[in-house]
Amino acid sequence: MEYHIIGNAGVRSEIGVILPTYGEAANIASIIEDIERLDLDVSILIIDDSSPDGTAEVVLEKQKIYRNLLLCSRPKKSGLGTAITDGFKFFLASPNPPKYVFTMDADYSHNPQDIPKLLTTMRECECAIVIGSRYSKGGRIKGWPLSRKIVSRVANTMARRLLGLKLKDCTAGFRCYSTVFLRDVISSLHSTTYEIQIETVRQAYLRDFKVKETPVLFVNRKRGKSKLAWGEIKSFLTYTMRAVWRS
Ligand SMILES: Nc1nc2c(ncn2[C@@H]2O[C@H](COP(=O)(O)OP(=O)(O)OP(=O)(O)O)[C@@H](O)[C@H]2O)c(=O)[nH]1
Ligand SMILES: [Mg+2]
C-alpha cells in the first residue's frame, strides 16, 4: 500500500479490524473505545480519506491511549472498496499478519458487541468469510425508512439471483475474513465502492471457499451523514452486470 501508516505498524495481534471513515468524527472515538473494551487480541486500522470534519485528528488523539490503533490517511475520498482493499493489503503485508480481519462501518450500524459472535462462527467453521447478516433468521434492520429498505432488498436480491450466491445477505459490510482467503484473493479485488461486498463473496464462490452468515441487528446511523450516492449505486450495478456477462 502506498499510503503512510501512523502508529505502530509492526503491532502483532490475532485480529485486525478495518474501519473505513469519511466524516465520522462524531462516532469514531466511542467505536474505538467499544472495540478496545472487548478485550480481544486486536489491532484497529482506520482508513480515513482526509475527512473534512477532523475524523483523523480524533484518531490521533486516541492513539495516545491505545498502542494497537493505526491510522492510514488517504489524500482524498477514494471509495469504500479501495479503503477496504487497502486495509487488507496493509494487514497482509504486515510482518505478523492477523489470523482474521474484520470490516465494519464506523457509524454504529454495526455493533462492536457483535464482533465476538462473528468470531465464534469463524472459529467453528474455519471458512473464508462470516457475514453479519441482516436477512438471516434472527437478523433485523432498525431505523431505516422504507425507501432505503427497498434499495437494499433490491440490490441484495439482484446480486444473489444474478450471481447465484446462496446467501441471505450478500451486501452487508460487517464481516470477518480469514487471512488465508484474503491472501488468495487480494490480486483479484478491483472494486472502488460498495460493490466490494459482492466481489469478495463472488470470488470466494469461484474459489470454492466457504461463506457463512450469522444474524445481527443493523441499526441506522445515529450521527453523521450518509455517503451512499448515485455514483455508488452505479458502480454496484456495473459490477453486477459485468460479472453476469463474464459468467
Ligand atoms: N475511507 C472511506 N470511507 C468511506 C467512504 N465512503 C464511505 N465510507 C465509510 O464506510 C462506512 C459505510 O458508509 P456509510 O456512509 O455508512 O454508508 P451506508 O451505511 O450505506 O449509508 P448510511 O448508513 O445511511 O450512512 C462508513 O464508516 C463511512 O464513513 C470513502 O470513500 N472512503
Ligand atoms: Mg452506514
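Of the contacts in the protein chain between residues at least 6 apart in sequence, 83% join residues at least 24 apart, where a contact means that the C-beta atoms of two residues, placed from the backbone, lie within 7 Å. Please keep in mind that this is a predicted model, in which local features need pLDDT of at least 70, side-chain atom pairs count only at pLDDT 80 or more, and totals for chains, interfaces and linings use all residues. Residues are numbered from 1 along each chain as its sequence is written, while chains are lettered from A and ligands numbered from 1 in the order in which they are written.

**Overall build**

- The protein chain holds eight helices and 10 strands; these are DSSP runs numbered from the N terminus, with helices being H or I of at least four residues and strands E of at least two.
- With a radius of gyration of 17 Å, close to the 18 Å that the globule rule gives for 247 residues, the protein chain is as compact as a globular protein of that length (the radius is taken over C-alpha atoms, and the rule is 2.2 Å times the number of residues to the power 0.38).
- Along the principal axes, the C-alpha atoms fill a box of roughly 45 × 35 × 35 Å.
- Buried residues account for 44% of the 247 residues; buried means 20 or more other C-beta atoms within 10 Å of the residue's own, exposed means 12 or fewer, and partly exposed lies in between, with C-beta atoms placed from the backbone.

**The sheet**

- Eight strands form an open sheet in the order β1-β4-β3-β2-β5-β8-β6-β9, with mixed pairing; two strands pair if DSSP finds at least two bridges between them.
- At the edges sit β1 (5-6) and β9, each of which pairs on one side only.
- β3 and β4 run parallel and are joined by five bridges, and Leu45 stands opposite Leu70 in β4.

**Strand β6, covered on both faces**

- All five of the five residues in β6 (residues 129-133) are buried: Ile129, Ile131 and Ser133 on one side, Val130 and Gly132 on the other.
- Three bridges link β6 to the antiparallel strand β8 (residues 175-178), where Arg175 is the bridge partner of Ile131.
- β6 also pairs with β9 (residues 211-215) in the parallel sense, over five bridges, and Ser133 has Pro215 in β9 as its bridge partner.

**Helix α1 and its two sides**

- The buried residues of α1 (residues 28-37) are Ile28, Ile31, Ile32 and Ile35.
- Seen down the axis of α1, these fall within an arc of 100°, so they line one face of the helix; the arc is that of the directions from the helix axis to the C-beta atoms.
- Ser30 and Arg37 are exposed on the other side of α1.
- Covering the buried residues of α1 are elements including β2 (15-21), β3 (42-48), α2 (55-63), β4 (69-73) and α4 (115-125).

**The nonpolar core**

- The largest nonpolar core has 62 residues, of which Val17, Ile44, Leu45, Ile46, Phe102 and Ile129 touch the most other members; such a core is a set of buried Ala, Val, Leu, Ile, Met, Phe, Trp, Tyr and Cys residues joined through C-beta atoms within 7 Å.
- Helix α3 (residues 80-93) gives the most to this core, with six residues.
- Leaving out residues up to four places away in sequence, Ile44 touches Val17, Leu19, Ile32, Ile35, Asn68, Leu69 and Leu70.
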